[in-house]
Amino acid sequence: MRVQRCLTHIKRNISSLITTNPKTIPHKILLVLAKRLVVIRNVQEADMWVNLLQYFHNQWGHWLSERTYRTQTPPENIPKWVRANQKWWYTHQNARQAYNLLSIQVRQGTLFTFLDPTLNVRTTTPITSNTNLLEGGANAQIKALICNYRGLCEEHMRRTVQWWCYTRSENSKPPSQLITTKHLKPEPKPKEPEIGPRKWDNAIGLDRADYHPDIAIWKGWAR
């Protein structure tokens, strides 16, 4: 199965890691790479982008691998996300995560699937590099549906979304054809086991697991 990651979401993830107004040169380069990623339209531009990412690693790979050790850092300068037993961490953690986000997707081949000509010839519409049609189409309507019926419990909310998706799926049946005999005469629900002390009784049920001597049934006349 071929996978196409949404390039717009990858760009947003990069921006959240290094901000939209970075100060250091490596952060600025990563932001430029993220911005150029979403405007790639052919294989030649994709190859050039991958070469630029490799050039960035060749130049800043050692910088990304720099470490900070606990013994050399004042306690007030230790990041909050560092674990108590952690002896070292990567100095440029956010930049490293941003680079790894791009490099891992390149190795997995999920960035430029939309440029594969063997896949596009089998589709009626060109493969897109983002999920804008999905977000603005189905997802937006599902969010509006849940917003309009915000009082639903989680189980009813899930069933509402499933029914909405089914009615808009291909070859969906009308509701009248989905009704069966068990829907007209449903079987009675099994009786749930009694939980807690009995409200009325004439003895103490010693066989009950929830029996406690401080919560017992009194016998005799009320005084």
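**Salt bridges, a helix pair and a strand residue**

Arg 158 and Glu 155 pair up through their side chains in a salt bridge, with N and O 2.5 Å apart. This comes from a predicted model. The two residues sit three places apart in helix 7 (residues 154–167), so about one helical turn separates them. Glu 155 also bridges to Arg 159, where the closest N and O atoms are 2.9 Å apart; here the spacing within helix 7 is four residues, again about one turn. Shared partners tie Glu 155, Arg 158 and Arg 159 into one network. As for solvent, Arg 159 is exposed at 52% relative accessibility, while Arg 158 is partly exposed at 40% and Glu 155 partly exposed at 33%.

The count of salt bridges comes to three. Arg 2 and Asp 116 form one of them, at 2.8 Å between the closest N and O atoms. That pair links distant parts of the chain, 114 residues apart: Arg 2 belongs to the segment before helix 1 (7–18), and Asp 116 to the loop between helix 4 and helix 5 (117–120). Asp 116 is buried, with a relative accessible area of 17%, whereas Arg 2 is partly exposed at 46%.

Helix 3 (residues 43–64) and helix 4 (residues 93–108) have axes that come within 11 Å and cross at roughly 140°, and the crossing is left-handed. Among the residues making the contact are Trp 49, Leu 53 and Phe 56 of helix 3, along with Tyr 99 and Leu 102 of helix 4. By class, the contact has 10 nonpolar, two polar and one charged residues.

Thr 68, in strand 1 (residues 67–69), is buried at 18% relative accessible area. Its side chain makes a polar contact with that of Thr 91 at 2.7 Å.

How values were computed. Residues are numbered from 1 along each chain as its sequence is written. This is a predicted model: local features need pLDDT of at least 70, side-chain atom pairs count only at pLDDT 80 or more; totals for chains, interfaces and linings use all residues. Side-chain values use heavy atoms; hydrogens and water are left out. Buried means under 20% relative accessible area, exposed over 50%, partly exposed in between (1.4 Å probe, protein chains only). A polar contact is a pair of N or O atoms within 3.5 Å; within protein, one must be able to donate a hydrogen and the other to accept it, and residues adjacent in sequence count only if both atoms are side-chain atoms. Axes are lines fitted to C-alpha atoms, for helices over the stretch in contact, and angles run from 0 to 180 degrees between N-to-C directions. A crossing is left-handed if the near helix is turned anticlockwise from the far one by less than a right angle, and right-handed if clockwise. Contact means heavy atoms within 4.5 Å. Ala, Val, Leu, Ile, Met, Phe, Trp, Tyr, Cys and Pro count as nonpolar, Asp, Glu, Lys and Arg as charged, and the others, Gly among them, as polar. A salt bridge is a side-chain nitrogen of Lys or Arg within 4 Å of a carboxyl oxygen of Asp or Glu.
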